[in-house]
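Please look at the sequence and the 3D structure below. The paragraphs after it go from the whole chain to a single pair of residues.

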Amino acid sequence: MSFPNDDGAFRAYIRAWLEEHYAAFVAQWPADPDPRDLAFRRAWENKLCAHGLSGLGWPQAYGGHALSLAKQAIFHEEHALCGAPLGVNLIGHGILAPTLLHFGTEAQKREFLPGVLSNSTIWCQGYSEPSAGSDLASLRTRAHRDGDSYVLNGHKIWTSFADLADWCFVLARTDKAQPRHRGLSFLLVDMSLPGVRVQPIRQLTGEAEFCEVFFEDVRVEARYRVGDENQGWKIAMAAASYERGTYFLPRLVRFRQELDDIRGWLAHESVATRRRWARLAIDSHVLGLKTRRALRQAMSGGPPGPEGSSTKVHWSEAHQALLDFAVELLGDSVCLDAPGEDARKAALYTHAYLWSRAETILAGTSEIQRNIIAEKILGLPKGA
Ligand SMILES: Cc1cc2nc3c(=O)[nH]c(=O)nc-3n(C[C@H](O)[C@H](O)[C@H](O)COP(=O)(O)OP(=O)(O)OC[C@H]3O[C@@H](n4cnc5c(N)ncnc54)[C@H](O)[C@@H]3O)c2cc1C
């Protein structure tokens, strides 16, 4: 697949492609597709990959398109604007692949990148543990070297898509004697190995998108360690920064689409209610500016700054406020399971409202982001 060079022409090309293919994809889906349905999301993601719309920023040597960050941002924005859902291999495309491109051996790149490109290998991220979330460096999962393998034992939790995933990248302690951040290694673990057990966790929304994962004497070949032994922290921190610049784009587009929906419901509402909408519209505008600033900074090659914490807190809390508002306006209909377009919309908003409770927790809680803002942006002393 080759793309127009000019950014404007690229946008027009992607928009036209998505309009045609997403509509056709929805039309051939049996029954009315639910954008939350993981099978629907995965099938659409597969279609994008089959058409060569993956690996957008990767080097051509690994099957990518080596597109600029500006073009990648255009793709993500247009993809959200056409109403298509996020995929299920976000971790494979957004975190694992760039990590391997930066830190992997040639053999690891050749073994794993094709599966991400085609979407045939789904990845999950095994960092958090029952006593190690915000304080990730206190994790206890351990891997001890035994010949050409590591023997992995431990318990991960909140592992998104673990029940669908073929592989997981795991942070494990390989040297207990070293200071907390130093004795960790980054291992690629085949989820079908003996000793791996996955236990889905039922969420408030009724779905089970994340899981507990137990490792009991799992033998992981040493060639599946990324980077040097005990250097896993550095890799995990770098991995967290790869989506910088594009992570918020689809979320921001969704925010704007939801604001438009809500505006349509305001005709007979009070001035106070309309003011509440205006406040959210201002949030949307400011978030757009923050996202553009982060993108520009990433394009200029600057290191990720603490400003990302401000965008995360702002987006997640404003989105919760927006969905609180939507659910109040929808009133009793959020509780009805009735046929028809209105009920369908109410069900989608109810789901989004319940799901949004997670948004101030995942990828660093609001309290942790505020600590970062306090210390790194405002220069306040570190808390006790
Ligand atoms: C939808 C979702 C998907 C997720 N997916 C994954 C995944 O795929 N892989 C993965 O590894 N993890 C995943 N996580 C886990 C996520 O990273 C953690 O939930 C998060 O880091 C918080 O850790 P915790 O849940 O252990 O809470 P804790 O760290 O135990 O925090 C509990 C409370 O204490 C507060 N707190 C903790 N430390 C401080 C402090 N120093 N100062 C002030 N307040 C503090 C927190 O803000 C929070 O309110 C996911 C979480 C969610 C909600």
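Predicted model: local features only at pLDDT ≥ 70, side-chain atom pairs only at ≥ 80, totals over all residues.

Which domains does the domain assignment of the protein give? The assignment, which is automatic or from a database, gives domain 1 (7-87), domain 2 (123-239) and domain 3 (248-377). Residues are numbered from 1 along each chain as its sequence is written.

Start with the overall form. The C-alpha trace spans about 70 × 55 × 45 Å along its principal axes. The secondary structure comes to 11 helices and 8 strands, counted as DSSP runs (helices H or I, at least four residues; strands E, at least two) numbered from the N terminus.

Now turn to domain 2 and domain 3. Their C-alpha centres lie 31 Å apart. In contact (heavy atoms within 4.5 Å) are 6 residues of domain 2 and 6 residues of domain 3. The size of an interface is often given as the accessible area lost when the parts come together. Here the two domains bury about 460 Å² between them, 65% of it on carbon and sulfur atoms; this is the area lost to a 1.4 Å probe, summed over both parts. Ser134, Leu204 and Thr205 supply 75% of the area that domain 2 buries against domain 3, more than any other three residues.

How many salt bridges are there between domain 2 and domain 3? The count is 0, where a salt bridge is a side-chain nitrogen of Lys or Arg within 4 Å of a carboxyl oxygen of Asp or Glu.

The structure as a whole holds 22 salt bridges. In one of them, glutamate 78 pairs with arginine 11, with the closest N and O atoms 2.7 Å apart. Glutamate 78 lies in helix H3 (residues 69-81) and arginine 11 in helix H1 (residues 7-28), so the pair ties together parts that are 67 residues apart in sequence.

Key. Heavy atoms only, no water.
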